[in-house]
Amino acid sequence: MIGAFLNAFGILAGALFGLARHQPLSARTQNFFKAGLGGLAVLAGLHLVWLSINGTFLSAGKQLLLAGLSVVLGNWLGKLLGLQKFSNRAGRYAASLLTAAQKNPPGKSAGGLVAVTILFCAAPLGIIGAVTDGLSNYFYLLALKAVMDGLAMMSFVKIFRWPVALAAIPVLAFLNGCALATHSYAAPFLDAHHWTDSVNAAAGLVVCATALVILGIRRVELANYLPALVLAPLLTRLFH
């Protein structure tokens, strides 16, 4: 599972660049990266959907319809479970540590390490990327997240200094654990029933929605969409 290693490498690379640069990235450069990452998110999501849809035109249309339905129902189920609320609570705690450090720099290294680890591990893109990496070795989502985390780390190391780069270790452990668990337990079952493509198609649609967040076009509660990965094979079995 190389996706988690790419993510950890991106964090370390971002920390090194952040420590080497005396000035933060300009607003123009930040906007350039934001536009590029948003476009790559759409391309990666659509590419994953394309790889997961097969068969005749009618069959492909049915698969795409079921993937879309799983995303809609997954969002509804995620709201019932309060997944985004849980994610928001974790995010607010991490944000409070960052705010305190910005008021009295440099921040405590331990607090920075906790804050950065929470932010990087709780990102829905990371969980989806670990699942697709475990199912089909599709590591491009975690590669995309690696760039995003690296850019964020360039700012974090200026607030908390170099020890915060150690967040790469728990992020590697968490994402690699998710990918390996998916590969070892979920993949054999899904492959045996030919349901892997349904999960990947739903994941691709959710990833496309992340572009709206990256580009700042619309606030999307991404954590609520995670149940779509579970509902996709169930709907495929129901309507097969």
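This is a predicted model: local features need pLDDT of at least 70, side-chain atom pairs count only at pLDDT 80 or more; totals for chains, interfaces and linings use all residues.
1. **The largest core.** Start inside. The largest nonpolar core holds 30 residues. Six of them touch the most other members: Val71, Ile128, Leu135, Leu141, Val199 and Leu229. Several helices each give two or more residues to this core: helix 2 (27-52), helix 6 (124-136), helix 7 (140-160), helix 8 (168-193), helix 9 (196-214) and helix 10 (228-238). Helix 9 gives the most, with 8 residues.

2. Pick Ile128. Set aside its neighbours within four places in sequence. Ile128 is then in contact with Leu141, Ala203, Val206, Val207, Leu226 and Leu229.

3. **Ser52.** Is Ser52 buried or exposed? Its relative accessible area is 2%. Buried means under 20%, so Ser52 counts as buried. Ser52 lies in helix 2. Leave out residues up to four places away in sequence, and Ser52 touches Gln63, Asp197, Asn200 and Ala201.

4. **The largest pocket.** This pocket has about 1,300 Å³ of space. It is lined by 39 residues. Closest to its centre are Met148, Asp149, Ala152, Val213 and Ile214. At least two lining residues come from each of helix 2, helix 4 (83-103), helix 5 (109-121), helix 6, helix 7 and helix 9. Helix 7 supplies the largest share, 8 residues. By class, the lining has 21 nonpolar, 9 polar and 9 charged residues.

5. **The second largest pocket.** Its volume is about 430 Å³. Which of its 19 lining residues are the closest to its centre? They are Gln63, His194, Ser198, Thr236 and His240. Helix 3 (57-81), helix 9 and helix 10 each give two or more residues to this lining. The largest share, 5 residues, comes from helix 3. The classes here are 7 nonpolar, 9 polar and 3 charged.

6. **Tracing the links.** Some names come up again. Gln63 touches Ser52, and Gln63 also sits among the residues closest to the centre of the second largest pocket.

Definitions and conventions: Residues are numbered from 1 along each chain as its sequence is written. Side-chain values use heavy atoms; hydrogens and water are left out. A nonpolar core is a set of buried Ala, Val, Leu, Ile, Met, Phe, Trp, Tyr and Cys residues joined through side-chain atoms within 4.5 Å. Buried means under 20% relative accessible area, exposed over 50%, partly exposed in between (1.4 Å probe, protein chains only). Helices (H or I, at least four residues) and strands (E, at least two) are DSSP runs, numbered from the N terminus. Contact means heavy atoms within 4.5 Å. On a 1 Å grid over the protein atoms alone, a cavity is a set of points where a 1.4 Å probe fits but cannot get out, and a pocket is an open set with protein on both sides within 12 Å along at least five of seven lines; lining residues have an atom within 4 Å of a point. Grid points are joined across faces, edges and corners, and a volume is the space filled by probe spheres set on the points. Ala, Val, Leu, Ile, Met, Phe, Trp, Tyr, Cys and Pro count as nonpolar, Asp, Glu, Lys and Arg as charged, and the others, Gly among them, as polar.
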